[in-house]
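Hi,

Here is the structure I said I would pass on to you. Have a look at it first, and then read my notes below.

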Amino acid sequence: MTSTAVDRVLTPLRARLIETLAGRSDEIPAWVLRLEEGEDEGFFSPDSAAWAVHGGMPTLVAGVRALLLQALHPGALAGVRDFSRFREDPLGRLAGTIQWIHTVTFGSRGQAIASSEMVRSLHRRVAGTFIDGHGVERPYSANDPELARWVHLAFTDAFLTAHEHWGDAIPGGADGYVSEWATAAELMGVEDAPRTAAELRAAIDAITDAGELRGGPEVEEIVRFIRRAPLRRMLRPTYRIVFRAAVSTLEPRHRELLGLPPTAAERLLPLHGATGAVLAGARVLLGPQTQAELAARRRLARLASA
């Protein structure tokens with residue numbers, strides 16, 4: 001196949017993937033370009049664990065895994081179901097989450113703080129009641145420390161686990177990433193975030209053991225939506241692999257609550273290698289560095305030459 005023919009195949013695929021992750025493919029979002037601004041390095045440096053993990057392609061698996069795990073807390077799920085427009089605009093919600101992650105990771109300190117405050121301000125209207133894992137009706141607010149902590153735990157565990165399966169070495173190891181990303185938890189009002197991988201897994205185990213998580217019809221509805229995300233047709237085959245990869249890394253008891261127990265067919269599939277191939281292909285399409293990281297590097301170069 002000639003290079004022209006390859007370009008004809010890859011160009012629309014690249015555009016659809018960028019559109020899925022950023023909300024549009026015709027231009028670099030303004031918030032990315034603003035990461036060139038700012039007068040400090042930010043909370044994380046180019047040799048940090050956060051840059052390594054959040055700049056890698058395993059984040060594609062991690063995002064799906066985080067959504068699945070977060071949905072097991074009925075308070076977090078209630079906020080999504082009652083207030084999120086995930087059905088009408090799922091890609092918009094994804095793009096907003098990516099904006100926050102990349103701004104905190106690659107932006108200046110002021111940008112990271114402002115982005116987190118904006119998310120917290122949007123969360124102030126997210127409040128209601130839910131039935132907890134013990135069958136008791138309780139009030140919730142998205143900014144409640146308990147719910148914010150669970151979202152942080154699920155996020156951190158998902159991104160760490162996916163990178164451990166399909167990423168390169170992490171500077172400072174797993175503990176380095178968990179310790180660094182606790183800064184993001186503090187920006188979101190979580191004061192007791194884990195600082196080591198062992199503490200992270202112990203915190204998730206404690207919540208699970210206490211019966212705070214539950215499955216059921218509402219969880220199954222979210223799982224069906226995530227499994228069959230409304231993506232462009234050309235992305236669906238690879239997304240099926242990404243979804244299966246995310247599920248395969250979950251603990252058995254979390255899979256049971258999600259209604260996604262291991263199957264005989266799954267054990268026969270070369271899933272790890274297939275996922276690695278999908279992520280390698282995504283890296284070819286998107287480039288070795290994200291646009292957010294490139295903008296951050298331009299900011300750092302400007303500060304270094306000043």
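Residues 24 or more positions apart account for 76% of the contacts with a separation of 6 or more, where contact means heavy atoms within 4.5 Å. This is a predicted model, where local features need pLDDT of at least 70 and side-chain atom pairs count only at pLDDT 80 or more, while totals for chains, interfaces and linings use all residues. Residues are numbered from 1 along each chain as its sequence is written, and side-chain values use heavy atoms, with hydrogens and water left out.

The protein has 16 helices and 2 strands; these are DSSP runs numbered from the N terminus, with helices being H or I of at least four residues and strands E of at least two. Of its 306 residues, 45% count as buried. Buried means under 20% relative accessible area, exposed means over 50%, and partly exposed is in between (1.4 Å probe, protein chains only). The protein exposes about 14600 Å², and carbon and sulfur atoms supply 57% of that. Those areas come from the Shrake-Rupley method with a 1.4 Å probe, and for residues only the protein chains shown count as cover.

Now for the inside. The largest nonpolar core has 71 residues, and Leu-68, Trp-150 and Tyr-177 have the most contacts inside it. Helix α8 (residues 145–166) gives the largest share of this core, 9 residues. There is also a second, separate core of 6 residues, including Ala-78, Phe-130, Tyr-140 and Leu-147. By nonpolar core I mean a set of buried Ala, Val, Leu, Ile, Met, Phe, Trp, Tyr and Cys residues joined through side-chain atoms within 4.5 Å. As for Tyr-177, among the residues it touches are Ala-49, Val-53, Phe-155 and Ile-170, not counting residues up to four places away in sequence.

Next, the rings. A search of the whole structure finds 7 aromatic pairs. Rings of Phe, Tyr and Trp (its six-membered ring) pair if their centres lie within 6.5 Å; planes under 30 degrees apart are stacked, over 60 edge-to-face, and the rest tilted. Trp-51 and Phe-106 make an edge-to-face pair, 4.9 Å centre to centre with 70 degrees between the planes. Trp-51 lies in helix α3 (residues 49–54) and Phe-106 in helix α6 (residues 90–106), so the pair ties together parts that are 55 residues apart in sequence. Both Trp-51 and Phe-106 are buried. Ring pairs also link Phe-44, Trp-100, Phe-155, Phe-159 and Trp-181 into a cluster.

Thr-105 is in helix α6 too, and is buried with a relative accessible area of 0%. Leaving out residues up to four places away in sequence, Thr-105 touches Phe-44, Ala-50, Trp-51, His-54 and Trp-181.

Helix α4 (residues 59–70) is mostly covered, with 9 of its 12 residues buried, including Val-61, Leu-68 and Leu-69. In helix α7 (residues 109–123), Gln-111, Ala-112, Ser-115, Ser-116 and Val-119 are buried. Seen down the axis of α7, these residues fall within an arc of 130 degrees, so they line one face of the helix. The arc is that of the directions from the helix axis to the C-beta atoms.

Cheers

How values were computed:
Expected span 1.5 Å × (residues − 1).
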